[in-house]
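Here is a friendly note on the aromatic rings, to read with the model open. Please follow the points in order.

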Amino acid sequence: MGTINLGSDILKITKIEAATIEVPMKKPFRVAYGTTSVARNIIVYVHGENGLTGIGGTAGPVKVTGDTLASVKYVIDEVLAPAIVGLDSTDIEKITAVMDGIIVKNTAAKAAVDMALYDLTAKSAGLPLYKLLGGYKNTLETDYTLGIDEPEIMAREAMELKDMGFKTLKVKVGEEPGKDIERIKKIRQAIGNDVKIRLDANQGWKPKEAIRIIKTLEEYDIELVEQPVPYWDIDGLAKVTRSVDVPIMADEACHTLQDALMLIKKEAVDLINIKLPKCGGIFKALQIAHIAASAGMECMVGCMVETRASILPAVHLACGVKNITRADLDSAMYLKQDPVIGGATVENAMFNLSDEPGTGVKTVNIYGNNPEVSR
């Protein structure tokens with residue numbers, strides 16, 4: 001693992017900065033509760049007294065966490081930064097407690113700071129982040145998500161993705177039950193049986209409706225169904241899980257460690273989707289993954305519409321932890337131009353992590369195509 005030298009006197013946080021970035025997407029991306037055409041993110045820089053800088057980021061996932069881009073930046077600049085500048089950047093549990101003690105919720109803002117802290121700590125240790133998080137592996141396969149569209153268009157895109165090397169496709173559904181069934185039928189016919197299909201309804205169905213649709217779709221060899229019913233309907237979620245053979249995964253229903261514990265106790269789902277902006281960062285994501293592992297439940301790591309500044313910390317998390325067996329970390333692939341310089345290479349749907357310290361992110365070109373003004 002190399003030599004770790006973490007003297008607390010040289011790892012104090014000297015400054016925290018947050019910058020807004022907007023990156024156009026290749027095409028509009030539609031899910032059950034809306035359409036997105038621009039990735040709006042916050043990039044966070046945590047500067048250490050040793051001259052190193054940790055980089056993190058987040059979206060403003062208002063429809064999932066209630067955060068907006070403006071609220072995230074305000075909370076980082078005016079609430080979190082004044083409270084944690086001067087603290088030791090390696091004291092991540094202490095800093096997490098400080099952040100939670102001064103403001104509730106606001107998980108996207110906390111997640112961006114948390115990611116930058118982990119990046120800074122790993123850089124200071126001279127180690128890739130995944131090794132500090134467990135070091136289970138250094139490659140990770142991601143799926144690719146198909147947004148909602150006409151069945152024929154989705155089938156054509158699915159075939160193109162298969163040709164690009166993707167072995168798992170995540171298909172957005174939840175708008176029109178009849179059309180959802182037609183979408184999956186057309187996609188399976190197009191790609192054959194050697195590519196996995198997982199579905200994400202984004203809370204779009206009612207329990208009885210979900211059971212009927214999922215049972216109808218079982219003949220198309222569905223790997224799992226993500227959040228088929230509204231997040232608050234835990235009993236309905238449990239009913240769906242008990243009634244179908246296809247594994248059911250929680251997403252919007254699981255934000256906190258307490259949510260995960262409740263879902264496990266109620267046997268409401270088979271898997272949990274962890275997202276860093278949703279739970280508050282890597283520190284809390286590890287807690288969720290570990291409590292799921294203690295119950296024999298596997299996890300997936302997913303994403304919002306984010307740049308690689310926040311995708312790569314999630315990749316390192318998934319590579320560090322054995323119990324995270326699936327990944328949906330494709331959103332940076334939707335962007336017209338990736339503003340992040342450095343980090344993992346991606347080939348045939350596989351992230352390949354290097355031995356660079358931290359997440360490997362060197363800079364984020366937040367000002368467009370002029371690297372001289374990027375941080």
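1. Is Tyr334 buried or exposed? Tyr334 is buried, at a relative accessible area of 7%. Buried here means under 20% relative accessible area, exposed over 50%, and partly exposed in between (1.4 Å probe, protein chains only).

2. A word on the source: this is a predicted model, where local features need pLDDT of at least 70, side-chain atom pairs count only at pLDDT 80 or more, and totals for chains, interfaces and linings use all residues. Residues are numbered from 1 along each chain as its sequence is written, and side-chain values use heavy atoms, with hydrogens and water left out.

3. Searching the whole structure gives three aromatic pairs. Rings of Phe, Tyr and Trp (its six-membered ring) pair if their centres lie within 6.5 Å; planes under 30 degrees apart are stacked, over 60 edge-to-face, and the rest tilted. Phe29 and Tyr334 are stacked, because their ring centres are 5.0 Å apart and their planes at 25°.

4. That pair links distant parts of the chain, 305 residues apart: Phe29 sits in strand 1 (residues 13-31), Tyr334 in the loop between strand 12 (324-327) and strand 13 (340-342). Strands (E, at least two residues) and helices (H or I, at least four) are DSSP runs numbered from the N terminus. Phe29 is also buried, at 13%.

5. Tyr144 and Phe166 make an edge-to-face pair, 5.2 Å centre to centre with 65° between the planes. Tyr144 belongs to strand 5 (residues 144-146) and Phe166 to the loop between helix 5 (151-163) and strand 6 (168-172), so the pair ties together parts 22 residues apart in sequence. Tyr144 is buried at 15%, and Phe166 is buried at 5%.

6. Finally, Phe29, Tyr144, Phe166 and Tyr334 form one aromatic cluster.
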